[in-house]
Amino acid sequence: MSTTPTSLAARPLLGLQDLLPPAWMLMDFALSSLGDSPSGRLVGKHRGRRAEKLDSWHLTKRVVLEHARARDLAWFETQLARFTQAPFSPPRSQRTTIPKDENRPEAGTRTIDDPAHFKRLMLLYIREQVEWRAEEMMTDRQIACRAKDFSKIHCRVKGRGPTDQDHVATGIWRSIVGGWVWCVLADLKAAFPLVPKALVLRELRKIGLSEQAAAWVWRLVRIDAETTRGSQVRRYHRVGRGIEQGNPLSAMLMNLALAPVLRHLERNLDVQVFTYMDDIYLMARTEQDAHDAFKAFTRLARSEGFTNVRPLWTPGRKAKGKLSQILDSSSKPIPVLKTYLVDAIGNSLAPQKEAEYRQRCLEDGRPVHRMTIEQVRRATGCMALTKTAMRERTDLMKRSR
C-alpha cells in the first residue's frame with residue numbers, strides 16, 4: 001500500500017540486543033513511572049491499584065519502587081539477567097477488569113492485562129527506542145497515544161493544554177466546516193484482542209526492526225495473561241492475533257497496524273480519517289462518498305487481517321448497539337468519544353457528560369447557568385468546547401422541557 005519513508009530506510013536495523021536496556025535505565029524508569037522522583041523521562045504514571053499485590057514473578061510494585069529509591073543497581077542487574085536468560089519466555093500478565101465509566105456502573109467493565117512489574121519497565125524502554133520510528137508511519141489524524149512531542153495541530157486553546165479527545169473533536173469540527181459533513185463511525189469488535197500478528201510484524205520490520213527483534217516485541221505484547229479464581233489459574237492466549245490492553249506498547253502497535261489502511265483511504269478517496277485508537281471517524285462530503293468510504297475501509301481492513309469490522313447499521317435493524325453508522329452532521333450532531341457532540345456549530349458536551357457536570361455543580365452548590373465557558377472547560381476537562389455550540393444546545397434543551 002505505502003512505502004517505507006526514506007529516512008527510515010536509511011536508519012540502521014535494530015536487533016534484539018539493541019532493545020535490551022542497561023539496568024540503571026530501568027531503575028530510572030521505575031522512579032518515573034512508579035514513584036514521585038522524575039528522571040526526566042516522559043513515561044507516564046503507573047497509578048495502579050494494589051501496590052502489595054504479587055505479580056507472576058512474585059514482585060510487588062512497592063518492592064520495585066523501594067529498590068529504585070534505594071538506588072539498588074545490583075538488584076536491577078539481577079532482575080535484568082533473569083529476564084534476558086529467556087527473553088521469549090517473559091512473566092505472564094495478570095488479567096483484571098475495571099469499570100468502563102466509574103460514574104456509570106451500568107456501562108459495564110473492561111478487561112485489562114496488567115504486565116508483571118519488571119516486564120513493564122522493559123516495555124517502557126522498548127517504546128522509547130521504537131516510537132519515533134513508528135511516528136513517521138502514522139498520519140496526522142491518528143491522534144491518541146502518540147509520542148509526547150507529537151505536534152497536536154487541531155485544538156489550540158490557551159491555558160491548560162488540550163487532551164487527545166479535544167484534538168479529535170476539534171479536528172472533526174474543522175473537517176465539517178470544510179465541507180466533509182458526513183461521518184462514518186466505524187467500529188472494530190474486540191479491537192485489541194483481534195489485532196493481526198502478521199500485520200504487526202510487517203510494520204515493525206518496515207520501521208527498521210530485525211526479524212528477531214520484531215518477533216520479540218510481538219511476544220512481549222501479545223495476549224499472555226492469567227487470572228486466579230480461588231485455587232484455579234486460568235490462562236489466556238490467542239494464536240496469531242491479539243495484543244494486551246494495558247500493555248505500554250499496545251497503543252503504539254494499534255496505531256501502527258491501522259496506519260496503512262488509513263493512509264490508503266486518504267490518498268485514494270476524498271475523505272479525512274480521524275482516529276482515537278480503534279475509534280474511527282471517516283469524514284466524507286456526500287452520503288455516497290460515506291458509503292464508498294466504509295466499503296473501502298472494510299475491504300482494506302480485511303485484506304490486512306482485521307476480520308472484526310462491525311457491519312453498517314441500516315434502517316430496519318432492531319438496535320444500533322455498537323454497529324458502524326453513517327451520520328449527517330447537518331441534521332444531527334456527531335457523538336465523539338462519548339464526550340462531545342460535534343457539528344458545524346461547534347463542540348458541546350454529550351448528554352451524559354452534561355448530566356454529570358450539572359450533578360457535580362448541584363452537589364457543590366454552584367449555579368450552573370451563571371458559569372462561563374472557561375469555567376465549564378476547567379470543571380469538565382473538555383477544553384475544546386465552543387461558546388456557540390454550548391449555548392445552542394442548552395437553549396434547545398430548555399425548549400424541550
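Predicted model: local features only at pLDDT ≥ 70, side-chain atom pairs only at ≥ 80, totals over all residues.
Residues are numbered from 1 along each chain as its sequence is written, and side-chain values use heavy atoms, without hydrogens and water.

**Strand S3 and its partners**
- S3 (residues 182–187) pairs with S8 (residues 325–328) in the antiparallel sense over 4 bridges; pairing requires at least two DSSP bridges.
- S3 also pairs with S7 (residues 279–284), in the antiparallel sense over 6 bridges, and Asp 187 has Asp 279 as its bridge partner there.

**Burial of S3**
- Of the 6 residues in S3, 6 are buried (under 20% relative accessible area, 1.4 Å probe, protein chains only).
- In a regular strand, side chains alternate between the two faces of the sheet.
- Both faces of S3 are covered, with Trp 182, Val 184 and Ala 186 on one side and Cys 183, Leu 185 and Asp 187 on the other.

**Packing of H2 and H4**
- Helices H2 (residues 23–34) and H4 (residues 73–84) pack at about 105 degrees, with axes 9 Å apart; the axes are lines fitted to C-alpha atoms over the stretch in contact, and angles run from 0 to 180 degrees between N-to-C directions.
- H2 is therefore roughly perpendicular to H4 (65 to 115 degrees).
- Ala 23, Trp 24, Leu 26, Met 27 and Ala 30 of H2 meet Leu 73, Phe 76, Glu 77 and Leu 80 of H4, contact being heavy atoms within 4.5 Å.

Note on methods
Helix = DSSP H or I, 4+ residues; strand = E, 2+ residues; numbered from the N terminus. Parallel < 35°, antiparallel > 145°, perpendicular 65-115°, else oblique. Buried < 20%, exposed > 50% of the residue type's maximum accessible area, 1.4 Å probe, protein only.
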